[in-house]
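Here's a quick briefing to read with the model open in your viewer. Take a look at the structure first, then work through the notes below.

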Amino acid sequence: METINIIDAGKHVDEEVVIGAWLTNKRSSGKIAFLQLRDGTAYFQGVVVKAKVGDEIFELAKELKQESSIKITGTIHEDARSHFGYEIEVSAIELIGDSDEYPITPKEHGTEFLMDNRHLYLRHQKPFAIMKIRNEIIRATYEFFNQEGFTKLDAPILTGSAPEGTTELFETDYFGQPAFLSQTGQLYAEAGAMAYGKVFTFGPTFRAEKSKTRRHLTEFWMIEPEMAWTTQEESLEVQERYIAFLVQNVIDHNAYELKLLDRDIETLRKYTQLPFPRVSYDDAVKLLQENDFDIEWGVDFGSPEETFLANHFDKPVFILNYPKAIKAFYMKRHPLRDDVVISADLLAPEGYGEIIGGSERDTDYDYLKARIEEQGLSLDEYEWYLDLRKYGSVPHSGFGLGLERAVTWITGIEHIREAIPFPRTINRLRP
Ligand code: 4AD
Ligand code: MG
């Protein structure tokens, strides 16, 4: 008899199979028991009929505790009433690992409780669906950048620099000298682009964000492509193609998970239609002012502003050329204006805010050196970075996609802490 995964049940209709599973819930009467089963690939129901399995197996089924692990033998049938579409009619059960009183019961629990029990909560349907979609976004990311000719370049986690500003650094002791957990792989990606043309980094990044919002983690994963001989306009085209590719792959490969999350596929489909609108920061400020936002030119957008702008366009929207004063030192100067840089943030619809930040990079040694000093950063730490402008500097552009921001938006969930297996936030370091 073949051992299968639940996800493959459809290929085994009317066959007798074995499945290694955990019990998530159960219901029984004197004659029939319904076992809710999961095996990490999907969730479905096992039906145990006393008259068919006999007293011993039926009693075992009735006494099984939540999250005990079992080997189930049975026959697959179609079940049009479930999300999944199939069930198993059980003929035998073998108890493999008994379970203690499991803390997460089928009743409602508060978020803090679920996050305290994250190591167990990951087993449940909502985190399951989110993690499978996260995995698909990661898989599709590699596929996209491989097919576009990028080389994956791994950036270090322990660094001496603070490219995105000094206020959000995690400092640690590195054999007597201070080191910082990386805020971004970008500077290393730029070195990579000068070596291999088109590269992307993908790794954990850290920001000691004091902000307690539903969009901020202190540890998050970032995908940072960097492209030599590439203008910002060309980079924007890569960005929108990449986002549309991610959304399309989730639609194609995660229908079951999207259903578990109640995420509307037609809404997602809109986000595969290119191009995405582009609006200058200047015009965005005007638009906000015309709509009664109390905002002045020069300040960064907060979440209400970002939400308004993205909703206004009903699609992800690029906001172009932010004020120089609120952006990182490496962004390219505007050729005609002194007050803005050649940059873009991509804002996601439905209130999810910024998912990508990117820019063209300035290529001039003296300008960058002055900017680094102006921002109070240590020149010693950036000497190697400035070398990139000394030996064959070329126009280049890049961007960073926050993985968890993208997962939160595509899955349509409320809070970014659900988009990563073990979230780190200002007040959570465990589990
Ligand atoms: O806009 P940011 O700060 O840009 C950079 O770090 C650049 N070095 C990227 C580049 O050009 N290579 O961050 C990029 C993205 C944001 O758009 C957001 O999606 C995500 O990273 N992000 C966060 N995600 C979760 N929690 C946080 N605290 C985040 N901060 C930024
Ligand atoms: Mg940003």
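The count of aromatic pairs here comes to 28, where rings of Phe, Tyr and Trp (its six-membered ring) pair if their centres lie within 6.5 Å, with planes under 30 degrees apart called stacked, over 60 edge-to-face and the rest tilted. Keep in mind that this is a predicted model: local features need pLDDT of at least 70 and side-chain atom pairs count only at pLDDT 80 or more, while totals for chains, interfaces and linings use all residues. Residues are numbered from 1 along each chain as its sequence is written, chains are lettered from A and ligands numbered from 1 in the order in which they are written, and side-chain values use heavy atoms, leaving out hydrogens and water.

**An aromatic pair**
- Phe128 and Tyr256 make an edge-to-face pair, 6.4 Å centre to centre with 70 degrees between the planes.
- Phe128 belongs to helix α5 (residues 125–147) and Tyr256 to helix α8 (residues 255–260), so the pair ties together parts that are 128 residues apart in sequence. Helices (H or I, at least four residues) and strands (E, at least two) are DSSP runs, numbered from the N terminus.

**Around ligand 1**
- There are 24 residues around ligand 1, and Glu164, Gln186, Arg207, Glu224 and Glu354 come nearest; being near takes a heavy atom within 4 Å.
- By class, that shell splits into eight nonpolar, eight polar and eight charged residues. Here Ala, Val, Leu, Ile, Met, Phe, Trp, Tyr, Cys and Pro count as nonpolar, Asp, Glu, Lys and Arg as charged, and the others, Gly among them, as polar.
- For contacts, a polar side-chain atom of Thr184 is 3.0 Å from a nitrogen atom of ligand 1, and a backbone N or O atom of Leu217 is 2.9 Å from a nitrogen atom of the ligand.
- On Glu354, a side-chain N or O atom lies 2.6 Å from an oxygen atom of ligand 1.
- Taken alone, ligand 1 exposes 620 Å², and the protein buries 94% of that (Shrake-Rupley method, 1.4 Å probe).
- β16 gives the most to the shell, with six residues.

- The Leu274 to Pro275 peptide bond is cis, with omega near 0 degrees; Pro275 sits in the loop between α9 (265–270) and β13 (278–280).
- Arg430 to Pro431 is also a cis peptide bond, with omega near -10 degrees, and Pro431 lies in the segment after α14 (403–411).
- Asp14 isn't a glycine, yet it has a positive phi of about 70 degrees. Look for Asp14 in the loop between β1 (2–3) and β2 (16–28).

Notes:
Polar contact = N/O pair within 3.5 Å; in protein donor to acceptor, adjacent residues only side chain to side chain.
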